[in-house]
Amino acid sequence: MSDTPSLRDAALRYHEFPRPGKLEIRATKPMANGRDLARAYSPGVAEACLEIKADAANAARYTARGNLVAVVTNGSAVLGLGNIGALASKPVMEGKAVLFKSFAGIDCFDIELNESDPEKLADIVCALEPSFGAINLEDIKAPDCFIVEKLCRERMNIPVFHDDQHGTAIVVGAAAKNALHVVGKRFEDIKIVSTGGGAAGIACLNMLLKLGVKRENIWLCDIHGLVYEGRQEDMNPEKAAFAQASDLRTLDDVIGGADLFLGLSGPNVLKPEMVAKMRPQPIVFALANPNPEILPEVARAVAPDAIIATGRSDFPNQVNNVLCFPFIFRGALDVGASEINDEMQIACVEGIAELARATTSAEAAAAYKGEQLTFGADYLIPKPFDPRLVAVVSSAVAEAAMKSGVAARPIDDLEAYKQRLNQSVFKSALLMRPVFDAARAAARRIVFAEGEDERVLRAAQEVLEETTETPILIGRPEVIEARCERLGLRIRPDRDLQIVNPENDPRYYNYWNSYHQIMQREGVTPDLAKAIMRTNTTAIGAIMVHHGEADSMICGTFGEYRWHLNYVNQVLGGQGYAPHGALSMMILEDGPLFIADTQVRIEPTPEQIAETVMGAARHVRRFGIEPKIALCSQSQFGNIACDTGARLRAAIEILDAKHCDFTYEGEMNIDTALDTELRGRIFPNSRLEGAANVLVFAHADAASGVRNILKMRSDGLEVGPILMGMGNRAHIVSPSITPRGLLNMAAIAGTPVAHYG
């Protein structure tokens, strides 16, 4: 139940508006004309049917089955609500389907069945096999869930996974593995006391056995007390497997000397005096929801060194099944696994645990602002919004499926598979690959002007991990050290990074003197030059590039673009270099679209527009894309006498005279640039074929406006702005840039000019 009326009202509004429910079905193929209809349905659909009849494996090629999961329930054990029935469980199952899609890109149908007999329920589920690539059983009461899963796994040749059991067990296993790592203990040596005895509790204990816990060291209690040999009350074979030969009968009797308490029972079951009887540094997993077996503050009152996990999001170490089920299904589906076996589940445990011990991701940190995401007692498992989960966990599961012989479609190149998974969460990954490849072949030194910024620090660590570049940070070493420590980053100023301290650097005299020499006839006195070289990190970065102490600089994480551009141009302009445009790559659902000039020239001349077009063509080719450039205006092929149209027409004449080796056309409206059919009607002799992938404007307001609309309203991801004309020696980003965006810019800055002309 919701805790407050306001939360209840908000949750109901969320489910009702703007349209009821949380799911819809979207077509993946066009249905715009008779030809589409003939291919999608009769007669063309028969060809796909015949291919599948000839070889059942073709269903994964010609239908959605290979990426389709059924979430099936009878509503007999829904969350903390109990047996509310199949219909009332539908919002929960819809939510589960949304999680599959959001976290792992898996399509999902929720199926709620009015069937309480476990054998009949299994019959219905088994009959669904032709429709789905896998089955996720959900919220079925114990012991019926054991029966349903056993029968389905025996009879079906696709993965069947009861998430309440095994999903919980996997996440508990990962949390336990890391908790023992923190306290320096081994599974083989610990005593476990558990309360519950339901489906999730039994599955967790079985998982802990697989991880090395000795059966004789597990003490299981339920509402009737200890599960002991000879007990008759409320027993089943699953509980009986953990029966102890003992005269002890209560939780209080058996808790003494326990290393780990595992609770999947009810509120306030574990008393403070019981925690006091446990071993030093007790591990307390109080997972009952919404109220745990003991509140963390109550447990720490008697055991300040306790390591605690709950099922709640408002405490550290939330044991949440979403860390597991989307990714174990992703890996299983991608290799065509016939089941999800022990090897795959343990691989999932290892992947989750390993990820928590690694440096936290910038995306997770952004989603959980204010929380300490550094591996340790309060951070045993990753956060659900850590985008690395899909690649790390799914690839581990896929590899385990192949090694254990249950994969019908083995993956030849696991590293390439990991990259594809990363591309599903990092939209820029595929387009940036040629840039990263070129950057890895070089060894350039990149100076970040705002070196104390959290985004820069996270990006610097990723630069060290993913490229051969050497990050140089301008900032105070003690501040950088403290922030790296607080953020849980592995990098340290004295070991991994070159630091330029604006308050105390031995090169200070050379820096201010150089700046003064450059600017002495622009009104800059020696005193002013000294002040700038103490306070202006953009100018310091530019001087470093000027001196050859860095190959490129990145600035602009705060402040106005042209303010930074002024200092970059002062120091690095001249000798054939001059900024002639800012190019942004917007990564949209249907591919990339480049926009220029968004920042540098407000009302460019025809010569400057032509310069921007040629620079954009060079940079677009860096991404392995052949440029198709549209010069955009309110005017369309001369139909309006306006200033922007006239300047664009003049730029076209300049480009024509240069005999450029790329396609460009204009002036035209944006819709004409992107709609081939519309352009064919308006200007059938256009030299532009297909949709343009570069839009160049005659006014910065128009370019910047389009860029921002795409970013804010079309969920477009920006790579850039890329500063053109400076020989790749400087780039100025926007204050909204993310750590991933900074990493992308570092790769662009890390590519020598020879790679793109």
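The dialogue below covers cavities and their linings.

Tutor: This is a predicted model; local features need pLDDT of at least 70, side-chain atom pairs count only at pLDDT 80 or more, and totals for chains, interfaces and linings use all residues. Residues are numbered from 1 along each chain as its sequence is written, and side-chain values use heavy atoms, leaving out hydrogens and water.

Student: How many cavities of 30 Å³ or more does a search of the whole structure find?

Tutor: Rolling a probe the size of a water molecule over the atoms shows where empty space is left. A cavity is a set of points on a 1 Å grid over the protein atoms alone where a 1.4 Å probe fits but cannot get out; lining residues have an atom within 4 Å of a point. Points join across faces, edges and corners, and volume is the space filled by probe spheres set on them. Here the search finds two of 30 Å³ or more.

Student: Which residues line the largest cavity?

Tutor: Val500, Asn501, Pro502, Asp505, Tyr508, Tyr511, Met533, Arg534 and Ile540. The space is about 40 Å³. Helices H22 (508-519) and H23 (526-535) each supply at least two lining residues. Helices (H or I, at least four residues) and strands (E, at least two) are DSSP runs, numbered from the N terminus.

Student: What gives the most to the lining of the second largest cavity?

Tutor: Helix H26 does, with three residues. H26 (606-622) and strand E19 (694-697) each supply at least two. The lining includes Asp597, Arg601 and Phe697. This cavity holds about 30 Å³.

Technical notes: On a 1 Å grid over the protein atoms alone, a cavity is a set of points where a 1.4 Å probe fits but cannot get out, and a pocket is an open set with protein on both sides within 12 Å along at least five of seven lines; lining residues have an atom within 4 Å of a point.
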